[in-house]
Amino acid sequence: MHMDVAQPKNPASKSTSFSRSLLTNGFLVKVPDAVEVVVRDFLDGSEVKAERERLGPHWFLHWSGGQLYHLRLKNGGPNVQGRTIELETSRHPWLLRSRIEDAIDEAIPSYTAIKKRPFTFLAQKSELLDLAAKAVDISHPLLPNFRISPKFVLNTKIFEDAAGHTRIGIFVTIGMRYEIDAGLEDLIASKVDVSGMYVVRRVLQPGERRLLGRIRRLDGKWTHLVENAEDDVFETADIKLEGSKENFSKCLSAMLGTYQYRKLLGAIDDEEARFRLGPELDKVIEQMGTFLQRKPIPIARDFDATVGDRIVLSNSGIVRSVYRAPTVEYVFDRTGAKSSEFAWAGLARNGPYDRTSFANKSPRILVAFPSSVQSKVETFLRAFREGLGADFRSYEKGFRDLFGLVGTDFVLCPVDVGVRDSGSPYKAYRTAMEERLANAGDIHAAIVVLFDEHAFLSGIENPYIQTKSLLLTLAIPTQELRFSTLTAEPRNLQYTLQNFSVALYAKLNGIPWTVNHDKAIDDELVVGMGVAEMSGSRAQKRQRLVGITTVFSGDGTYLLGNVSKECAYEEHADAVRESLTSVLQELKRRNNWQPGDTVRVIFHANKPLRRIDIAKVAFDCARAVGGEQNVQMAFVTISHDHPFALLDRVEKGEPVGKTGKFKGVFAPARGTIAKIGPFTRLMSVNAGKLIKRPNSPLPMPLLVSLHPDSTFKDVDYLAEQALKFTSLSWRSILPAGSPVTIYYSERIAELLGRLKEIPDWSPSALNVKLKWSRWFL
């Protein structure tokens, strides 16, 4: 089948039309053209559950907009009073979509659901850990208690076909379920330190919470927990470790030893690849489609649905459903004349975007490090500042010349700490740094060197989070550096230094590059909106929230960041309104908006909170601040959290050295954009050389969704702009997996969650001296 979209509205776009088709992971569901339903007013949605129980198996109920829709499933049972109407399924697909999702298990009764909506089940004949262990001849008495099973999810979704009609599809996604059934005492006997690990109930009763908390200690029959939402103590026999990858890693590495564990990990990776690589995933999806097509799905008393052909996206005639966005150009001057397709090549040739205007030409950088490795640290700093020379072309120049600086002064701060110190290493770091800062003069940034063993300490024991808290309070951004990184061979170190230098320059308020941008209006702002949940515990409801705002100009120049006050969930909308209004007012003054100017404000969000219409809040703020301007507004949700996959059978992938292997087979080229609805696009951002390993799963596209209340509705423009913003991350010279509006918000949320644990931490500096800084990179 074909799905097509109109040409992009920007006639100057040099996008590439596709002559070939893209496969999805979905299958068309054939349904009746119309169904008869009974409709009645039903204002209170919370009463629907009781009504379902009353009507039993004879009616299917769906509540929407204050009305309750009844679809007759079989004869008998209670009658329903209301208006009998006929619904055209192409115009009102939501009712049957919901019914199919509810009934799909009846078409595949041989599988037991581990989750009803969407229908989720485990593969019956594939236990991957056992296969992996046999492949590398590894055994342990407890190993049979660890399982990895392919997990299939059948997602019933609405999409749009070439004629503009809405259709229903079943989209197949495959994940992995990790389970640990070993007893806690048996694990301890096998030298596993279970303290701090999350545990779940062995048997879950209706209404019970599965995740219980983290282990504090075992006391024979009883296990004491922290961060739990219920009791402090549970019977050891009633609980087990959560089947997370983190718990797998900790247990198996302790049980098997580092060498054997790494060997097993490689074998597990190979087994999982049989379900996740492009060609392999394609085959599994085809097999699932054949399986689903065997039996109809009962949807009403007189109607069945059947699963049809694979959903294919292709171009037909003058309309198109798939196209390739123009290549993103990195820009290194205000005129746009200095540009490059690759970030590092352009930076090395042209210098940074703000080379002539960067204010601090002689930054002073505090460097804290274990005193026992001072000579190695000094060697690294010399290479960082002056370069590795002509033999290592990927970092030949060094930080000073690359970014056009006069000098780079390092203020050394040795820390008396050893790799095997039994105490808390963060105390030594904080003490040494406080003493050094007392008489160091102006410090513009800091580098904190850690032993690898200290870099992964959790919570307040981590020296980097402790020192970051201290330095951010003093408005000093920090950069972490692990000992294994700074001692790498020059042929590998040169690539690390590229990313390290770009991130540090950005933390000094520099602008390494922007992207190409056609300015068609007076001003354009792109506002990233995120949220950090601040409870600090997965086992408790996260009722405390912090709103995060990052603002960029249309060309990708970072303007400022803002962190709202911590508030309760129900107060979040008001906190966002206050914070966003303040940010927009500041930018209106800074950018000198004049009456009558046309201003475009585009909001990016990852996953807006339920029951809080952040889009409405954002639009209200933009209208209020831009009352004298002609304000165009768009609220765009950009997410990895969706069930849609794209496969291009023409893409043969990238060779991996001389191994004969290829990576990224069937991955659509970066910038491939496909329409699946009037306000939705799928966009491939990770492909080709960006894919790291032969066993890397087929990359999932980003889902770009435009809020229907937006006044600027050019979805293709917004998708292409989101693609450009993936090239604006200054954490690396490679594009990020998400636009920086989303990526930076996630980074800030992660760091705020960790910093929250530090007793004397205060975020006040983030909205004062550091609001213009990329301190979170």
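Mentor: Helices (H or I, at least four residues) and strands (E, at least two) are DSSP runs, numbered from the N terminus. Ala475, for example, is found in the loop between helix 13 and strand 23 (478-482). The model is predicted, with local features requiring pLDDT of at least 70 and side-chain atom pairs pLDDT 80 or more, whereas totals for chains, interfaces and linings use all residues. Residues are numbered from 1 along each chain as its sequence is written, and side-chain values use heavy atoms, leaving out hydrogens and water.

Trainee: What makes the phi of Ala475 worth noting?

Mentor: The phi of Ala475 is near 65°, which is positive in a residue other than glycine. This residue comes just after helix 13. Asn509, also not a glycine, has a positive phi of about 75°. Asn509 lies in the loop between helix 15 (490-507) and strand 24 (514-515).

Trainee: Is Asn509 buried, partly exposed or exposed, and how do you know that?

Mentor: Buried means under 20% relative accessible area and exposed over 50%, with partly exposed in between (1.4 Å probe, protein chains only). Asn509 has 38% relative accessibility, so it counts as partly exposed.

Trainee: Why is Ser458 called exposed?

Mentor: Ser458 has 60% relative accessibility, and therefore counts as exposed. Its place is in the loop between helix 12 (452-455) and helix 13.

Trainee: What makes Phe776 buried?

Mentor: The relative accessibility of Phe776 is 1%, so the residue counts as buried. Phe776 lies in the segment after helix 19. Setting aside residues up to four places away in sequence, Phe776 touches Tyr558, Tyr744, Arg747, Ile748 and Leu751, where contact means heavy atoms within 4.5 Å.

Trainee: How do you know that helix 13 is mostly covered?

Mentor: Ten of the eleven residues of helix 13 are buried. Among them are Tyr464, Ile465, Leu470, Leu471 and Leu472.

Trainee: What is found at the start of helix 13?

Mentor: A side-chain oxygen of Asn462 reaches to within 2.8 Å of the backbone nitrogen of Tyr464.

Trainee: Why is helix 13 called roughly perpendicular to helix 19?

Mentor: Axes are lines fitted to C-alpha atoms, for helices over the stretch in contact, and angles run from 0 to 180 degrees between N-to-C directions. Angles under 35 degrees count as roughly parallel, over 145 as roughly antiparallel, 65 to 115 as roughly perpendicular and the rest as oblique. Helix 13 (residues 463-473) and helix 19 (residues 740-755) pack at about 100°, their axes being 10 Å apart. That angle makes helix 13 roughly perpendicular to helix 19. The contact brings Ile465, Lys468, Ser469 and Leu472 of helix 13 to Leu751, Arg754 and Leu755 of helix 19.

Trainee: What makes helix 6 and helix 7 oblique to each other?

Mentor: The axes of helix 6 (residues 258-276) and helix 7 cross at roughly 55° and come within 5 Å. The two helices are therefore oblique to each other. Ala273, Arg274, Phe275 and Arg276 of helix 6 make the contact with Gly278, Glu280, Leu281 and Val284 of helix 7.

Trainee: How do you know that the length of helix 7 agrees with what it should span?

Mentor: The expected span of a helix is 1.5 Å times one less than its number of residues. For the 15 residues of helix 7 (residues 278-292) this gives 21 Å, and the end C-alpha atoms are 21 Å apart, so the two agree. Helix 6, with 19 residues, reaches 26 Å, close to the 27 Å expected.

Trainee: Which residues of helix 6 are buried, and what covers them?

Mentor: The buried residues include Tyr261, Leu264, Ile268 and Phe275. Their cover includes helix 3 (128-135), strand 8 (146-160), strand 9 (166-180), helix 5 (245-256) and helix 7.

Trainee: Finally, why is the pairing of Lys675 with Glu160 called a polar contact?

Mentor: A polar contact is a pair of N or O atoms within 3.5 Å; within protein, one must be able to donate a hydrogen and the other to accept it, and residues adjacent in sequence count only if both atoms are side-chain atoms. The side chains of Lys675 and Glu160 are joined by such a contact, of 2.8 Å. Lys675 lies in strand 34 (residues 672-677), and at 14% relative accessibility Lys675 counts as buried.
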